[in-house]
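This report covers charged side-chain contacts, an annotated segment and a surface patch.

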Amino acid sequence: MCPSVACICTASPDVCRGDPVDLFITIIDVEDTAPVFDGLPYIKTIYENQLLGTSVIKLKATDGDRGVAVPNKVQYNITGGNTDTDFPFSIDLMNGTIEVSKILDADNPLVRSRGGLYLFTVTATEVNGTGQFDPSVSVSSTQVSITVLDVNDNLPEFKQGTYSATVQENTPKGAPLLMSSTIEVEDIDQIGNNMFRVVIKKDGAAYTDFTTLPNENQTINGRSSITIIVVNSSVLDYEVRKNITFQLVAEALNGTGFITNLTSVTVSLQITDVNDNSPYFPSQSTHFNVPENASFSTIVTQVNASDLDSGDYGTITFSLEDSETAFSINNQTGKLIVNSLLDRETRAVYNLAILATDSPLHPEAERRRSRLQININVTDVNDNAPEWTQSVPYVTVLESTPVGTNITQLLATDRDEGLNGQIVFSIAPNTNGSTLFNVLGDNGKAFISVKNSLVNNVGLRTVIVVATDRGSPPLSSNVTISILVVDENQNKPVFVQPNQSAFNESTGKIPEIVIPEEIPPGSFLYQLSATDADQGLNGLVFYYLDFTLGEDSEYFRVDRVSGNMTSVKRLDREKQEIYEIRVKAEDNGQPASLSTSLPIRLRLRDIDDNSPTYDKVTMPQTMLVTEEMSPVSMGNITPATDIDLYPNNITCYYLYGGDNLTSFTLNKTTGNLTLIHKVDREKMQFMNIVIQASENCNESSMTSVDSMNPSFNYNSSDSSLLYVRVKVTDINDNPPKFVSTLLSTAVINDIDLGTEVMTLAGSVTDADTPENSRNMFRLLNITLKNDDTVLDTNKQAFVVTVNGSIVTNIRYRSDIVGYFSLFVEAYDERNQKDVAEIRIFVISNLQRVRLVFNRLPNQVEETKNMFIKELSDVLKLDLVMDKVVTHTLIDGVQDPTKTDAFIHGRELSTLNVVSASELSRRFDYDQNARTVLYKYGVGEARALTTDSTDTSNEDLKRTFAIVAAVLAIAMVSLLLVLIHLVRMYRHRLRAATTMVYSSTPKEQELFEPPGTNKYYSAENPLFGKEIKPALLDDDKVSNSSLDDNVVDTNTQIPEAPNEPEEQEVVLQISESPAASPGHKKDLNHNPHLDEVLEAYQNKGFEDDDEPDSRLGQSGRSDRLRPASHRHNRPKIPEAPEGVTKFSENFLSYETGYQNINYSTSGRGHVDYTDI
């Protein structure tokens, strides 16, 4: 036997040759390895609307024995899982394709309870050429997961085909209908596909008399019960309609709210009657007549009433509203009858209210009633005789009473009406007065009159007056009157002076007597005279004044016997011109005197007893005249008042005193005032004139004195004087004038462009009024003085606006020492003008002193010129106040009660600007200067120590500083939030990049047994999924880890002793890209975590170009690929541990997502993920 394979055996067993030889050993594979499934795991998602026979997923398994010349075929079978009787999938035994074998229904309760998931086992079995197999080594299994997703394939369905409801009529808006059964509608599709809404329609059109709850615009998901609500209660009228039919329509909606399909059911609504109609009375007579002697139970009328309601609601009963006993009504028939004796004279009219009430079987509160007003007139019968209500038993009458004269009046009445109440009067015959007197009457009044002459028929006479009605039969009554005929004085006095016959009082023509005014009391005025045709005492006449007609009679007296009229009081025509009195002439006749009265008008004749006066005129009276014009009429003066009559009231007017009387003329008869000499308003704005009104028109002048003082000439107690103030109105006759031909100011050398440095409007005066002194300005010339510096621009240094504002037009160099000389012209609308030089010095802010005034800014502006002049005189300097602003405190807050003023000074001889410190020193050490400062309210003087242009810039800087601080705080807060987010996801990043390790490199290349659940010790513990080590690329996954518990690979990695470990991770802070239209997002899962998981299931990032089915066509796995594959990044500078640096390229132009690079401890690991 050869000791080794290197020996060659010879024929001699003991001899071996040591020459080398080649030995070939072939290992023959046997069928001892089960089939291996490719492309694990098998997970698929499909929609339920797949057709039968649709291929879902294809499984592939190969013979696990690699060395077999002819691999065995593999046969596939579904062997386990939730494969119940309705299992909808089948598998092709030979090619492993799983197909749809039954109709899919994601809405099946069992399928829905599993979330649409079918999880089952597929077994791959090797079959050799003889069809034999060893189950212990030729079978392998894997799980297949198919999720069936819902589609909108079901319509919302009502639980019943029809519904019925009842509702009472007049049910108010918002009340629900009473349904016979609950309306339920359901769409069995799943969320997102089960949206619908329920609307009400009638004959295919929208029906708005009712609505639903949920309302018609509200989207319902899955299932809901529906309540129908009344919207228009007016359609619920039982008397109009008994039922209503309409449709409930369930409109299926897609995800965008569009209607995809609909179903409907019919609703039959029955309207039930309620007592909503009151009884009503149809048109019928309501006025009736009943004789007052009508018997009991006499029928007056029968009332009719109706009710639109039905049943007891429409049954009517009748009654009288008031407790009237004279009549009664049958409550069923409505017959109205007489119930007691009637007496028209007691009550002639009955107004009855008849009530018609429905629902007699219902409680009183539920009944409705209506009212009918009936008017019953009780007609008269002649059952009453006339009654005397007024009679005079004794009457006296003169014998001279003319025939036909009424001597007395009687009154009678009859309680009956009509002819029964009409009375006829007559004189009963056979009395001693029946032939002398007569009676005439109408409407119950009887007048006794003289029928025949009573002369010589004196004495007592008896008359019987009879009152008879016109009834049938007639009734009558009598009254007796005694009449005494008396002898009497028969003639009245008649006025002859004045002649009574010449006047007629009824036409207004009465006697008028003219007498002079102001005669002494007691003076004789007029003598009255009257005659009487009677003789003796009956013809004796006396005269009287009637004092009952007014107060005019109090001014006069009439002698009773002579008739002489005299005055009693002063008679002033200006107070009362006409007096009306009544005089009476009365005789002394028997048995009674007779008299005649006569009205008389007394008119006073005017005398000149009043002077013209101005006592009711307001002084002074103003008249206008325009300056520089003459002669000019100013119009008539206010006329004086003279209450006398013409010609006693003629008035003339004279100049009496005042200003420049020689410049005026006055027409003494018309009162026209004329200016004859020009007046300059700027010298004299007003002129005062005193004018006297006089009755004397023969004078030529009445000037009182030579003095021109109107207050001396005008005496307010003299009512004949008129005080006239002549106001001189302005014309534009004066040019504008600068207050000084040389004005100066200063600007800070760093002042902004367009800043106003001075306004000239306040430095110009115009003697004209504001309306005529609208001044404008223009720049004539500008030069730079006392400096050889040449400006670095061709622009004008300053611009003068038309309103006088001097505005900076360039930026000024700090080395400019001299001043700018501006010649500015002020002109008005008539081009009247004046020119002044404006010197503007360019200074530094350090050459100004700030004065703090304890006054308001406007107060400082008003006195600044006087203040600057006094202070300049004291300090022998040319001081200029550059700026006046509201005082600003140290903290930037403005104090409106104080004022900051900035001033600078120049030497008078050299015009050099004094430094602020020197100017402040002079304020401190000059007592006179301090006195001026104190006088004008200066509380503080401080030299400016910074070159800041003004406090507004300081305020702006403070504002910027505050804003910057706030922004810094916000950025720090945002940085802390980002660091917190990075730390939250750090362990996920570590787990996602952890490498699979084993004891030897050889073992790392081995496949794990297919279909098993074995893991290596360092495989991914976060997701619980297997990772194929052989499929991971070292270029894509770093061997380093952020985890402190990294698996030891037995490989020592040297670390730089002085260099911190560094790792770069790219973070995307953005919303995840939108899924493709076909992608269904599970709301219960984290989409980012699912994408990481799915990435590991798809071969550990191996195929970067393969689209992700979960991301649609654009499903790029860029968001999950190492950042190093997408960007060539420069080396990131080192940073201490815990410090995060952000790259400049914070926005990726490739993906549109925001990228942040940071460095921390590690060794060059680069990755990219999504948070």
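Both Glu-345 and Arg-344 are buried. Their side chains meet in a salt bridge, with N and O 3.2 Å apart. The model described here is a predicted one. A search of the whole structure finds 36 salt bridges, and the table lists some of them.

| Salt bridge | N to O distance |
|---|---|
| Glu-345 and Arg-344 | 3.2 Å |
| Arg-197 and Glu-251 | 2.9 Å |
| Arg-570 and Glu-518 | 2.7 Å |

**Arg-197 and Glu-251**

The closest N and O atoms of Arg-197 and Glu-251 are 2.9 Å apart. This pair links distant parts of the chain, 54 residues apart: Arg-197 belongs to strand E16 (residues 195–202), and Glu-251 to strand E21 (residues 243–253). Are the two partners buried or partly exposed? Arg-197 has a relative accessible area of 23% and is partly exposed. Glu-251 is buried, at 6%. Buried means under 20% relative accessible area, so the 6% of Glu-251 falls in that class.

**Arg-570 and Glu-518**

The side chains of Arg-570 and Glu-518 form a salt bridge with an N to O distance of 2.7 Å. Arg-570 counts as partly exposed, with 49% relative accessibility. Glu-518 is partly exposed as well, with a relative accessible area of 27%.

**A salt-bridge network**

**The annotated segment**

Which feature does UniProt place at residues 960–982? The unreviewed UniProt entry gives "transmembrane region" for these residues. In the predicted model, the span is 100% helix and 0% strand. Its end C-alpha atoms lie 32 Å apart.

**A nonpolar patch**

Leu-23, Ile-25 and Ile-27 make a nonpolar surface patch of about 410 Å². Leu-23 lies in the loop between strand E2 (16–17) and strand E3 (36–37). With a relative accessible area of 57%, Leu-23 is exposed.

Conventions
Residues are numbered from 1 along each chain as its sequence is written. This is a predicted model: local features need pLDDT of at least 70, side-chain atom pairs count only at pLDDT 80 or more; totals for chains, interfaces and linings use all residues. Side-chain values use heavy atoms; hydrogens and water are left out. A salt bridge is a side-chain nitrogen of Lys or Arg within 4 Å of a carboxyl oxygen of Asp or Glu. Helices (H or I, at least four residues) and strands (E, at least two) are DSSP runs, numbered from the N terminus. Buried means under 20% relative accessible area, exposed over 50%, partly exposed in between (1.4 Å probe, protein chains only). UniProt positions are given in the numbering used here, feature names are shortened, and annotations may be inferred rather than shown by experiment. Patches are made of residues with over 30% relative accessible area and no salt bridge: like charges are joined within 9 Å, nonpolar side chains (Val, Leu, Ile, Met, Phe, Trp, Tyr) within 5 Å. Accessible areas come from the Shrake-Rupley method with a 1.4 Å probe; for residues, only the protein chains shown count as cover.
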